[in-house]
Amino acid sequence: MVALDADYFRELETPRIAVLSDNLVAAVFPLMKLMPARYILDRAAADGSLRPGHRIVESTSGTFGMALALLAAARGYRLTLVTASSLIDAKYRARLEGSGARMIVTEDPDGNGDQMRRLQELQRIRSEEPHCFWPRQYDNPQNALSYAGLAETLVRSMGRIDCLVGCVGSGGSLCGTGAFLRMIFPQMSIIAVDTHRSILFGQPVGRRLLRGLGNSVLPANLDHELVDEVHWVGAYPAFRGARDLLREHGIFQGPTSAAAALVARWTADNRPGARVAVIMPDEGHRYADTVFDDAWLASLPGWPSASPSKPRMLTTLEPASETEWTRFAWARRSLDQVRQAQSMH
């Protein structure tokens, strides 16, 4: 069982390297969140804080929960996942519950993920079962440390890397990979991809149609001072981008990956001498009945809409519509520094 666990899950968390253009390379994952989930659980098992039969409890909106569910099933842990009604569909919930996970779904009338309510529910569970294990994906530094292998894979595949593009949710993948790569390439640019009405980079929280990135709380794993530029991609450009990836490259990834690819392609086109790497974290199977379904897309108000060919440059941290794509020069500043500069405008 242990050998099967190690071999099977390493295959799922190992990216395929896809060359999208002369100066753009993508790390295309089947299930990227297996990397931090396995890393965190391995270390918890090694130090005795997680034992066979123990319960794991986590707040999750997607693939980190699936990673935990697969590992818990293989290793004999019990698992409780707390999510919000706006974040999970019936089929995905059935897959998680089919693996043995217990699902607690909180109401989310505002459609913003309501992370605070989910964390309150998680703490209630922990108070009732003190010995359960909480991976703390948003605040556990092991999340970011787990991406050393991805940094090594990118260096072996590309040699020099001038720019890294990736989405931000917990902050682990972009900041972890970026921090390791900066040790080798100190001048490398890091571009964060977020979505409108996520608070990660100073926007006011609100309803978000695009999931898999963004957040309604600030995770400790997000190091703002690593980031040179932020792009906010609306749901509609990301949905169209996912279909473009499939049609143009045969790459079947979800809209989170498509948002990162959209930003990376524009970056590579505008920096022809730079070598750009992009992290694409999730496959498209979860979105077969939505993003890849013509009838579902046609039901969206205003679909189809023209996709922007380039981002609109912002001077203030303002949200935009789901059809828009915006960017902001972050310049390796803390969130407080950016907010202070904004208040002086």
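A nonpolar core is here a set of buried Ala, Val, Leu, Ile, Met, Phe, Trp, Tyr and Cys residues that are joined through side-chain atoms within 4.5 Å. In this predicted model, the largest such core has 39 residues, and those that touch the most other members are Val-165, Val-193, Val-233, Phe-239, Val-278 and Met-280. Two or more residues of this core come from each of strand 1 (16–21), strand 2 (24–28), strand 6 (163–167), strand 7 (189–194), helix 9 (235–249), helix 10 (255–270) and strand 9 (276–280). Among these elements, helix 10 makes the greatest contribution, giving nine residues to the core.

Once neighbours within four places in sequence are left aside, Phe-239 is in contact with Leu-209, Leu-210, Pro-255, Val-291, Trp-296, Leu-297, Leu-300 and Trp-303. Thr-256, for its part, has its place in helix 10. Its relative accessibility is 2%, and because buried means under 20%, Thr-256 counts as buried. With neighbours within four places again left aside, the contacts of Thr-256 are Cys-167, Arg-211, Gly-212, Leu-213, Pro-281 and Asp-282.

From the packed residues we can turn to the open space. Rolling a probe the size of a water molecule over the atoms shows where empty space is left. The largest pocket holds about 740 Å³ of space, and of the 46 residues that line this pocket, Lys-33, Gly-62, Thr-63, Phe-64 and Asp-282 are the closest to its centre. Helix 1 (2–12), helix 3 (63–75), helix 4 (90–98), helix 5 (115–128), strand 6 and helix 8 (172–184) each give two or more residues to the lining, and helix 3 gives the most, with four residues. By residue class, the lining of the largest pocket divides into 18 nonpolar, 20 polar and eight charged residues.

The second largest pocket has a volume of about 530 Å³. It is lined by 24 residues, of which Leu-87, Asp-89, Arg-286, Tyr-287 and Thr-290 are the closest to the centre. Helix 4 supplies the largest share of this second lining, namely three residues, and the lining as a whole comprises 11 nonpolar, five polar and eight charged residues.

Helix 3, which gives the most to the lining of the largest pocket, also holds Gly-65. This glycine is buried, with a relative accessible area of 0%. Apart from neighbours within four places in sequence, Gly-65 is in contact with Thr-60, Leu-79, Leu-81 and Leu-96. Gly-65 and Thr-83, which are 18 residues apart in sequence, lie 9.3 Å apart in space from C-alpha to C-alpha.

Helix 12, finally, shows how burial can be arranged around a helix axis. Within this helix (residues 335–343), Leu-335, Val-338 and Gln-342 are buried. Because these residues cover an arc of only 65° around the axis, they are on the same side of helix 12. What do the buried residues of helix 12 pack against? Their partner is strand 11 (325–329). The face turned away from the buried side of helix 12, by contrast, carries the exposed residues Asp-336, Gln-340 and Ser-343.

Key
Residues numbered from 1 in each chain as written. Predicted model: local features only at pLDDT ≥ 70, side-chain atom pairs only at ≥ 80, totals over all residues. Heavy atoms only, no water. Buried < 20%, exposed > 50% of the residue type's maximum accessible area, 1.4 Å probe, protein only. Contact = heavy atoms within 4.5 Å. 1 Å grid on protein atoms, 1.4 Å probe; cavity = no way out; pocket = protein on both sides within 12 Å on 5 of 7 lines; lining within 4 Å. Points joined across faces, edges and corners; volume = space filled by probe spheres on them. Nonpolar A, V, L, I, M, F, W, Y, C, P; charged D, E, K, R; others polar. Arc of directions from axis to C-beta.
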